[in-house]
Amino acid sequence: MKSIFSKFAVASAAWMIASFANAEIAVIVNLANQSNITTEDVQKIYLAKTKTFPGGGKIVALDQTEGAAPRMEFVSKIIKKDEAQMKAYWSRLIFTGKGVPPKVMASDAEVVEAVASNTSAIGFVDVGAVTDKVRVVGKF
Amino acid sequence: MNVKLATRFGLSALALAITPAHAVDLRFDGFATFVVGQMLDDDELNHDPQGNLMTFRGFDDQINFQSNNVFAIQARADLGEGLSATAQIMAKGVDDYDAKFSWAYLSYELTPEWTISAGQMRIPYFYYSESLDVGYSYPFIRPPFNTYDIGGFDNISGLKAEWQTDVGNWVSRVTMLAGRTDTTLKISQLPDPVKAQVSRMGLLAWSMNYDAFTVRGIYARANLSLGVSDYLDAIGFDRISNEVDSTLTGIGLPALGLNFSNDARHGAYYDNDAAEFYGIAFNYDPGPYFVTIESTVLDLQNGFMQNPGTGTYLNAGVRLGKITPYFTIERAESDYNEKGYRRLMAEVNHAGLQAQYGSLVGDLIYSGVGAGLKQVFVSSLKEENAYNIGVRYDFHPSAAFKLEYMTAKNHNYDLSPQAIAASVDVIF
């Protein structure tokens, strides 16, 4: 639990970097997961509106640190919210016991690694970080 | 009850801590709200029956830093295999920051669609019920006051089943809840807090969500008991009888000795009496703007308080980056328990009074008793329009600042209180 002010500084620095980057985002799942996953499915997964993949099977959704460039892209392009709206949305779920937010990973590399080793996992990374150990379900 | 719960939770937390075999995934979340506000003019306030100046949404003519403040920590232990334990401890400024367990429950995910929970939890009467204290989760400083006033019966001990499923492109969520609660309530008409009990509560809520649109309906019923009979006898029925008698003897006439039967008095009590609640809410939030409409009815069917009470509001706002201007219009109405009043009046023998005291004095006594009895019932009669306009500024990913002007038009007392408030809401 860092102080609000240091978080604020980090977030604004990240925001400045992100506004220059504007990279393409890939949504990735485990190679064993052959579900046909649409953009709507990804939205539902990250808004806790579904707990199983379209083809069945439990979901372990992975998130990235707030303010990280891939996350800002993901939230705005796919979830179609900004990070504050996403936070307000999740605050309702967390404090009503209706959902537990996706696990936060520290980097693209960590997401790729976690998705590669967990058949239930889904994550998002910068397109450049994708390896042949994961399956890309969509680029945005 | 809170101490007992705390001990119980303490023991189970201890049990968890000394069980090394399982990796328990423990998660802490918290939220806090700091509000400062002031009324523009305290001439627009009512006095309670004890003669104290009441407040408007917790504000008076002094700058008030405390009464709306909230600080809470929630702990959730994921025990694996779908089992989890959640506890929330909250301290409110209005209770002098006396920290209490607002909820503590076990949840078990039977299937991805079905979850059952047992313990103490929030009763989901309203659209914003379950995040009622999390200021960060909604646009306004507090949800619409009259609609969201359920008299303190926020939490319940019981069993809850939730069923979340896809219906075509819609996400359906059904909540079923059964339980009871014993609590102590402060009722503005009475000098001291009274014991209150809600038992045999059953609740069914159904929400349907499609993309940015959500509709939610709810029905609940319960048996309500309030420890008000002694007060009502003392400040209501017996007082009326005594006043009539002292007036009569004061002018040299014989005392009447008016006495109401228990059956008729019961019309003003709450003694295991049925209460019903219905509500419907619509929310459309595509992102750049949002609209919420909610309407609720509380029908107490018996007793001296509002009967039934309705509340409806419309809230809308526009998101301009980090700035969100919003407004709310609210209308609340409640009738009085005319049936209970008439039952008591039926025991006042109008013709007998005229025969005993002559028609002039008999009529005076009859209308005097009627006015006195009516006062017992109409004290919480309400017809109020409320408005607010404000702006939310998301100055940080975990914190929002809100500035709001709020006013109301109370038609029963012809009062128009106004206040300005600012809040900082954080989650962590």
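The model is predicted: local features need pLDDT of at least 70, side-chain atom pairs count only at pLDDT 80 or more, and totals for chains, interfaces and linings use all residues. Residues are numbered from 1 along each chain as its sequence is written, and chains are lettered from A and ligands numbered from 1 in the order in which they are written.

**Chain B**

Chain B has 6 helices and 16 strands; helices (H or I, at least four residues) and strands (E, at least two) are DSSP runs, numbered from the N terminus. Its C-alpha trace spans about 85 × 45 × 45 Å along the principal axes. Of its 428 residues, 36% count as buried, meaning that 20 or more other C-beta atoms, placed from the backbone, lie within 10 Å of the residue's own.

**The contact between the chains**

Two residues are in contact if their C-beta atoms, placed from the backbone, lie within 7 Å. Chain B gives 25 residues to the contact and chain A gives 26 residues. On the side of chain B that touches chain A, β1 (25-39), β2 (70-80) and β14 (382-396) each supply at least two residues. The largest share, 3 residues, comes from β1(B).

B:Ser137 sits in the loop between β5 (114-122) and β6 (155-167) of chain B. Is B:Ser137 buried or exposed? B:Ser137 is buried, with 24 other C-beta atoms within 10 Å. Leaving aside residues up to four places away in sequence, B:Ser137 touches A:Ala88, A:Ser91, A:Arg92 and B:Ser131. B:Ser137 and B:Phe31 are 106 residues apart in sequence, and their C-alpha atoms are 10.0 Å apart in space.

**A sheet in chain A**

An open sheet of 5 strands in chain A has the order β3-β2-β4-β1-β5, with mixed pairing; two strands pair if DSSP finds at least two bridges between them. β3 (103-105) and β5 (134-139) of chain A stand at the edges with a single partner strand each, so one side of each has no neighbour in the sheet. β1 and β4 of chain A pair in the antiparallel sense over 5 bridges, and A:Ala26 stands opposite A:Val125 in β4(A).

The table gives two angles; axes are lines fitted to C-alpha atoms, for helices over the stretch in contact, and angles run from 0 to 180 degrees between N-to-C directions.

| Elements of chain A | Angle |
|---|---|
| Helix α5 (residues 108-117) and β4(A) | about 150° |

Key:
Buried ≥ 20, exposed ≤ 12 C-beta atoms within 10 Å, placed from the backbone.
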